Amino acid sequence: MSVNDISKGRRPKRAPLSHSLWPTLKTVLRTLGSVAVTLLGLLFITFIIGRVMPIDPVLSIVGERASQETYDAVYHQLGLDKPLLVQFFYYLWDVLHLDFGTSLLNARPVSEDIARVFPATLELASLGIVFGVVIGVPLGVLAAVRKGSWIDQIARVVALVGYSMPIFWLGLMGLLIFYGILGWVGGPGRVGIFYVDIVPTVTGMILVDSLLDSNIDVFKDAFSHIILPASLLGYYSLAYISRMTRSFMLEQMSAEYITTARVKGMSEWDVIWKHAFKNIRVQLITVIALSYAGLLEGSVLTEIIFSWPGIGSYITTALLSADMNAVLGGTVVVGLIFILLNIFSDLLYKIFDPRAK
Amino acid sequence: MSTLLDVENLWVKFPTRNGVFDAVRGVSFTLGRERLGIVGESGSGKSMTGRAILRLIRAPGMVEADHISLEGQDLLKMSEKEMRDVRGQRISMVMQDPKFSLNPVMTIGDQIMEAYRLHTNASKSVAYTKSVEMLEAVSIRDPERVMRAYPHEMSGGMGQRIMIAMMLIPNPEILIADEPTSALDVSVQRQVLDIMDRLVKERGMGLIFISHDLNLVSDFCDRVLIMYAGRIVEVCEADKLHEAKHPYTRGLLNSLPRLDKPRDRLEVLQRDPAWSEAPSVSGRI
Amino acid sequence: MSDTQSLRAWLLTETPTSRRHAKLSALYHGWLSFRSNTMAMIGLLILVALVLIAVLAPWLSPHDPFEQNLGQRLLPLGSEGHVFGTDSLGRDILSRLIYGSRITLYIVALVALIAPVVGLLVGTVSGYVGGWVDTVLMRITDIFLAFPRLVLALAFVAALGAGIENAVIAISLTAWPPYARIARAETLTIRSSDYIAAIKLQGASALRIITKHIWPLCISSLIVRVTLDMAGIILAAAGLGFLGLGAQPPSPEWGAMISEGRRFILDHWWVATMPGLAIFTVSLAFNLLGDGLRDVLDPKAGD
């Protein structure tokens, strides 16, 4: 009887290493495959959008007054006389070489522009997610543990307000109050006018670059500029993260193994953090990755309010001046980051949850 | 027989939208170094009684009693911190389904060692040796491998034996077993019970065995309390269960099929509202 | 009085006499539990008020929302005849807010009609047919989910041109995938249940099973999701309006009004503040209502 019982639990009787490595590798491969398909779809959609855009790419190159011959020549040169599918492969080929074409506004390669503006967004969103996690996770845990208490009510209101407020309006109000009236923070832009281009660009993130250059003045000024937009963005991720943390925790706290931990004589603090929280870590990473991606999106509107020279500003400015290559290039890059974050959290889930194997 | 636990007039109450619901209504009993069975249907308050002793009923639920004394100390007067020293170390509990009562993301070894180290200042290596010994004591083969494994890799019978090992490793005086075999395959139930029985006897512990299975309890326990609607309706010696007098107990017994007395039609339990009105019978000695 | 008493009793019965009776009774029970949720009732009241305001706009608004009066520009809150002040062209902000409610409702209603229906179609077909159809449809859904919604909407509007209708289409295009996921999940559970097998044995066609048995069961979870999404839709529409890609001036769309007021934010704060408060109130109301509906219709998903 007991022999039977034990052999049941021991079914995969391989050496421990291959036993744990091969399925992991297989999931990684399968994930990569599905990424490739998703990516292809993403590029196809942007390609289609580019084709139905009411802007004639030839006209925007040759100008209104060009002769029919010049027009036809460029038309041919751009491959527009080829079938749509062939054109799509040209597009794919270019994108794979990180070639998004040139911007109509400044006649520079879009990929260079994006490389230049992206660190600003990264800096903003990263600081935002730090706010969101550092405040949101403990708030969610507390709200779940003290369900129905005043702290739960506060967490609920905080989240509801976050879900209901237009981010660009909140940004304006923040500027009005903390910059216009109180004067606590720097205004729009990344640094004050006297600090522009003082520290050499290494990472493109001014907070990091100023520290590398040990220029505390620039750091302070940059910090006073980033703190408001970053905490507003952080507030949005906080709303989501705290709600999700709360519902994950509520589910775990009613589980029977929590009673087991209490029966063992554990303190409630340890029951919460060593047992319940351990069970939500992987889910939480997914939520954080998703809200990080969400912040990239939220930064589009925030960047405009705060004149923040990031990818959101870049896409919108390009959009308003009908700079198609820039819009599509930006969209592809943001989409790509979205996909990567999704995969990242997916993989973590599969690797770190013992039940997923 | 020395008394380990003395429960007097225990009530468990839950406020609901339609007023207060009394899950346990004035239950009294004592426990010595014996095997005490508590039998009843689901909702009779038997599990609540077990959890109330460990003060595991969470707000808004309320526990009231004249006293719940563990060797003379009233558990209800203890602070939460003092109560933590009682849990695990002096009174422990095995729950119904190891699938849910073991933490799914911690290795079995970590969970057992944690139970040991909570109440001793033992080093990790001592706790490890001790845990392996304990797993051997519950007839787990290859305990070192099991220490590294996660709960979902275990069968139900193994899981429950691990649970028993974990709950007994701090050497408590009382074990509350809340339907410990109900979720298990019939073929391993007996084995798990035997292991539990042997360990409880060896260590001279008191056992509260909560179950809905009359036959199992009468086989396994020394004394039985029969609960109905939050009250004890009858107390009897386990081997004399078949001489029980209360109509509810009789009804339960008659609704069970018996190989030695086959019948075409089993009786259906007829409930008398008076049962739940009658005062609780005391299970104290 | 006795009539209402007996109606109540009829609705609360535990032994319904017909299917219609059971349905009405279930609805009434749902309403009772919804009514006891104060926050959700507040949300509902705000939305009812919003609909009334939109309908009665011509009678409620003190001024013509388009009427410019450059002599009275940027009047502060509480000015004579302009409770919420005036904007940079001297237009009455209150009147513009009142008329703006029509645009908000219009956008919300259109998106709420398009996106869930598309999602329901894709999801049920995908879940019911299965096989490669399922794989392809779900892959497409995944691709749309992989895009950040606002950025995708921006790109669509760029392709289609600015305007309310195009904003609606762009938002709908980005909003349908979650509904498809939900509908597919529901379909999969329902498809494998025994009563569907029973109907199949009676000779019901796939079309009949989907439309008569699967759709009705998907509806409640979709309604909850739509209500909870409304706030997001309003915010997205306002965002597009703010960027100048949604409703075009001089339309009194709330997001566009914030955009106009943005230039004067430090000196004439109310111009941008008032429309923002309006957006906030309405999306808060939808969130409150959605929470309440979720508790009634989908108790598993609640806390």
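This briefing describes a helix pair in chain C and a domain pair in chain A. The model is predicted. In chain C, helix 8 (residues 164-191) packs against helix 10 (residues 206-242), their axes coming within 9 Å. Chain A is divided into domain 1 (23-96) and domain 2 (114-356).

**Helices 8 and 10 of chain C**

- Two packed helices are described by the angle between their axes and the distance between the axes.
- The axes of helix 8 of chain C and helix 10 of chain C cross at roughly 155°.
- Angles over 145 degrees count as roughly antiparallel, and helix 8 of chain C and helix 10 of chain C are therefore roughly antiparallel to each other.
- The crossing of helix 8 of chain C past helix 10 of chain C is right-handed.
- On helix 8 of chain C, the residues making the contact include A167(C), I171(C), P178(C), Y179(C) and E186(C).
- On helix 10 of chain C, the contact residues include I214(C), L217(C), R225(C), D229(C) and L240(C).
- Sorted by class, this contact between helix 8 of chain C and helix 10 of chain C has 16 nonpolar, 2 polar and 3 charged residues.

**Domains 1 and 2 of chain A**

- The C-alpha centres of domain 1 of chain A and domain 2 of chain A are 33 Å apart.
- In chain A, 16 residues of domain 1 are in contact with 12 residues of domain 2.
- Helix 2 (residues 16-52) of chain A supplies the largest share of the side of domain 1 that touches domain 2, namely 12 residues.
- That side of domain 1 of chain A has 10 nonpolar, 6 polar and no charged residues.

Key. Residues numbered from 1 in each chain as written. Chains lettered and ligands numbered in written order. Predicted model: local features only at pLDDT ≥ 70, side-chain atom pairs only at ≥ 80, totals over all residues. Axes fitted to C-alpha atoms, helices over the stretch in contact; angles between N-to-C directions. Helix = DSSP H or I, 4+ residues; strand = E, 2+ residues; numbered from the N terminus. Parallel < 35°, antiparallel > 145°, perpendicular 65-115°, else oblique. Left-handed = near helix turned anticlockwise from the far one by under 90°. Contact = placed C-beta atoms within 7 Å. Nonpolar A, V, L, I, M, F, W, Y, C, P; charged D, E, K, R; others polar. Domains from an automatic or database assignment.
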